[in-house]
Amino acid sequence: MSSKTFFITGASSGFGLAIATAATQAGHTVIGTVRSDASRDMLSRTLPALHTVLCDVTEFDRIPDVVQQAEEEHGPVDVLINNAGYGHEGVLEESPIEEMRRQFDVNVFGAVAVAKALLPRFRERRRGFIVNVTSMGGMITMPGIAYYCGSKFALQAISEVMRSEMAPFGVHVTTLCPGSFRTDWAGRSMVRTERSIADYDSLFDPIRQARQAVSGRQLGDPQKLAAAVLTLVESENPPPQLLLGSDALRHVTSRIDRLQQEIEAWKALTVSTDG
């Protein structure tokens, strides 16, 4: 595997930390963003080969300067891992619109801002690889995570357009669509709206309880995901999206099957509007 320079957002935990660890161990140069001095200090002790930079991805105006400084200090970035993000859980009717805005600021606008800081550099160099971490929740939905799924669906669509626009310049774009993994997504990293409407108790309370019960015991192994990412970025013909995890494969395949059935069932009405 050729040596590359990675720029990873949200490198202090979860997928970001797993990918940063695997990449540094494989001999790559890794620049990782963190949001606090405490995280920076922790990583300097546990992963000293990682080059950390303080950056909140919602500080949109600051991101181009962060990327420029990173390239001045460590050389041209070859791979962007747009990983920073978090989960929001809550019944749609109960969840304040401000929580949706924050979810999109981090998961969508932050990811796009970081990508846009690197797009001109990749385009001019005629090479580069962007991995936007979405979720199986960017291709399917589940009750209680409307804001999260909405943000991941949005990033999924934006990534497909980005892929088409950057392909003529030799720049690859793939969305990473993990299922359930043993990270803090469903634990301390998740924002949960408090319950307030009893009508939703029977639908949503069991979902919330089940999600909390399996947190930390999910089937997916973050280290194996990191290994898969290192394989992905070596590909000369990467996919538009890469599902990771047997649950992601099962849920997305089921959704595609249902969609095909719905299209067929309503086909006559669909084509009736031509003319």
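# A chat about this structure

Visitor: Which residue in β3 stands opposite I31?

Guide: That would be H51 in β3. Strands here are DSSP runs of E with at least two residues, while helices are runs of H or I with at least four, and both are numbered from the N terminus.

Visitor: Before we go on, what kind of model is this?

Guide: It is a predicted model, where local features need pLDDT of at least 70, side-chain atom pairs count only at pLDDT 80 or more, and totals for chains, interfaces and linings use all residues. Residues are numbered from 1 along each chain as its sequence is written, and side-chain values use heavy atoms, with hydrogens and water left out.

Visitor: Okay, back to the strands. How many bridges join β2 to β3?

Guide: Four bridges do, and β2 (residues 29–34) runs parallel to β3. Two strands count as paired if DSSP finds at least two bridges between them.

Visitor: And what is the order of the strands in the whole sheet?

Guide: The order is β3-β2-β1-β4-β6-β7-β9, with seven strands in an open sheet and parallel pairing.

Visitor: Why is one side of β3 and of β9 left without a neighbour?

Guide: β3 (51–54) and β9 (241–244) stand at the edges with a single partner strand each, so one side of each has no neighbour in the sheet. Neighbouring strands are turned by 20° against each other on average, ignoring direction.

Visitor: Which strands does helix α1 touch?

Guide: Helix α1 (residues 14–25) packs on the sheet and touches β1 (5–8), β2, β4 (79–82), β6 (128–133) and β7 (171–178). Its direction makes about 165° with that of β1. Contact means heavy atoms within 4.5 Å. For the angles, axes are lines fitted to C-alpha atoms, for helices over the stretch in contact, and values run from 0 to 180 degrees between N-to-C directions.

Visitor: What about α8, what does that touch?

Guide: Helix α8 (residues 246–265) also packs on the sheet, touching β7 and β9. The direction of α8 makes about 120° with that of β9.

Visitor: β7 keeps coming up! How many of its residues are buried?

Guide: Seven of the eight residues in β7 are buried, so to speak mostly covered, where buried means under 20% relative accessible area, exposed means over 50%, and partly exposed is in between (1.4 Å probe, protein chains only). β7 also pairs with β6 in the parallel sense over six bridges. In that pairing, I130 has V173 in β7 as its bridge partner.

Visitor: New topic: how many salt bridges does the structure hold?

Guide: It holds 14. A salt bridge is a side-chain nitrogen of Lys or Arg within 4 Å of a carboxyl oxygen of Asp or Glu. One of them joins E89 and R208, whose closest N and O atoms are 2.6 Å apart.

Visitor: Where do E89 and R208 sit in the chain?

Guide: E89 is in strand β5 (residues 88–89) and R208 is in helix α6 (residues 201–214), so the pair links parts of the chain that are 119 residues apart.

Visitor: Is E89 buried or exposed?

Guide: E89 is buried, with a relative accessible area of 0%. R208 counts as buried too, at 12% relative accessibility.

Visitor: Which residue does E98 form a salt bridge with?

Guide: With R101, and their closest N and O atoms are 2.5 Å apart. Both lie in helix α4 (residues 97–125), three residues apart, which is about one turn of the helix. E98 is exposed at 51% relative accessible area, and R101 is partly exposed at 45%.

Visitor: Let's look at S12. Where is that?

Guide: S12 lies in the loop between β1 and α1. It is partly exposed, at 21% relative accessibility. Leaving aside neighbours within four places in sequence, S12 is in contact with L17, T33, V34, S39, M42 and L43.

Visitor: How far apart are the C-alpha atoms of S12 and R101?

Guide: They are separated by 24 Å, and the two residues are 89 residues apart along the chain.

Visitor: Last one: how many helices and strands does the protein chain have?

Guide: Nine helices and nine strands. Across the 275 residues of the protein chain, buried ones make up 44%. The C-alpha atoms fill a box of roughly 55 × 50 × 35 Å, taken along the principal axes.
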